[in-house]
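I opened this notebook to keep track of what I look up in one structure. The entries follow in the order I made them.

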Amino acid sequence: MGPAIPIGMVAATLLVSLLDFSPALMLLVPGLIGAAGAALLVAVVPDTPADKSALPPFGPREFFSSFYVNPRRYPAYAWAFASRFLMFSGVFIILTYQTYIVSDRIGYGGDSTAGKVFQSTLLLGAGSLAASLLFGLLDDRTGRLKPWLRLAAVASAAGLVLMCVDSSFGIFLAGMVLIGVAQGGYLSVDLPMVSRVLPDPEHAAQELGVYNLALVIPQMLIPLYGSLIVGADDNYPPLFVVGAVCSALAIAALAGVRGVR
């Protein structure tokens, strides 16, 4: 998962920079490639049908209840969810507003925007790829998870604070490298962590699906409150501060994941 996300981001931004002559193609081509990839996956992955007679009844009530895991009964799982949610509330602030930061805050508008976004995404992807491999190796060698998760969250906070300091493109690129390290490093270690505190390993698919919502919900919420913080004056530093605070709180939430070093 660590390498796949930045590779997809870099490839998509490269396509967008090559298709900047047509806004329609900039939006449609990456999406169509993603849809084709998903269709190919479904077509080629072997799937043995389950024995329906061995499955319990499954209706709307069971479906909606599957999205809930009791945090009082399973506090370690709940704190792991909270840490991931907070961590990516920081990371996705930059990924959501990257284009606008480049054009509005830094000043690369018009035809140069797509090329500059590609450059920054390339550095983010490189940092993410390197960290996903390195942090996974360190996890295996040391047998410890939390120190590397904390380090990833520190990298996220540092990248966001750095972007508050100056609006130059060089500072932005340095911050993007740190955000990439945070993203790749955290994703390579937090799945091993949560797999050790699942409420019921017999329902691992459901519980990991719920855990994935901690990655999805921030992407939905950030455009809602981010636009209120930035405002009409394109005031991005307060938004960076919010992201840095979220990253710091992600470190604090890890203390509640008992039973994992």
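Entry one, a surface arginine. I looked up R261 and found it in the segment after α9, a helix that spans 237-253. The model is a predicted one, so I treat each value here as computed from that prediction. Is R261 buried or exposed? R261 has 52% relative accessibility, and because the cut-off for exposed is over 50%, R261 counts as exposed. I then checked its surroundings. R261 gathers with R144, R150 and R196 in a patch of positive charge on the surface.

I went on to the leucines and valines. L40, L41, V44 and V45 form a nonpolar patch on the surface. Together the four have about 380 Å² of accessible area. I took L41 from this group and placed it in helix α2, residues 23-44. L41 is exposed, because its relative accessible area is 52%.

Which residues have the most contacts inside the largest nonpolar core? I found M87, F88, I94, I101, F172 and M193 listed for that, in a core of 56 residues. The elements giving two or more residues to this core are α4 (75-106), α5, α6 (146-165), α7 (169-195), α8 (204-230) and α9. Helix α4 supplies the largest share, with 15 residues.

How many salt bridges does the structure hold? I found one. The side chains of R84 and D190 meet in it, at 2.6 Å from N to O. R84 sits in helix α4 and D190 in helix α7, so the pair links distant parts of the chain, 106 residues apart.

I looked up A130 and found it in helix α5, which covers residues 112-142. Its relative accessibility is 46%, so A130 counts as partly exposed.

How values were computed:
Residues numbered from 1 in each chain as written. Predicted model: local features only at pLDDT ≥ 70, side-chain atom pairs only at ≥ 80, totals over all residues. Heavy atoms only, no water. Patch = residues over 30% accessible without salt bridge, like charges linked within 9 Å, V, L, I, M, F, W, Y side chains within 5 Å. Areas by Shrake-Rupley, 256 points an atom, 1.4 Å probe, with all protein chains shown as cover. Lys, Arg positive; Asp, Glu negative; His and termini not counted. Charge placed at Lys NZ, Arg CZ, Asp CG, Glu CD. Helix = DSSP H or I, 4+ residues; strand = E, 2+ residues; numbered from the N terminus. Buried < 20%, exposed > 50% of the residue type's maximum accessible area, 1.4 Å probe, protein only. Core = buried A, V, L, I, M, F, W, Y, C linked by side-chain atoms within 4.5 Å.
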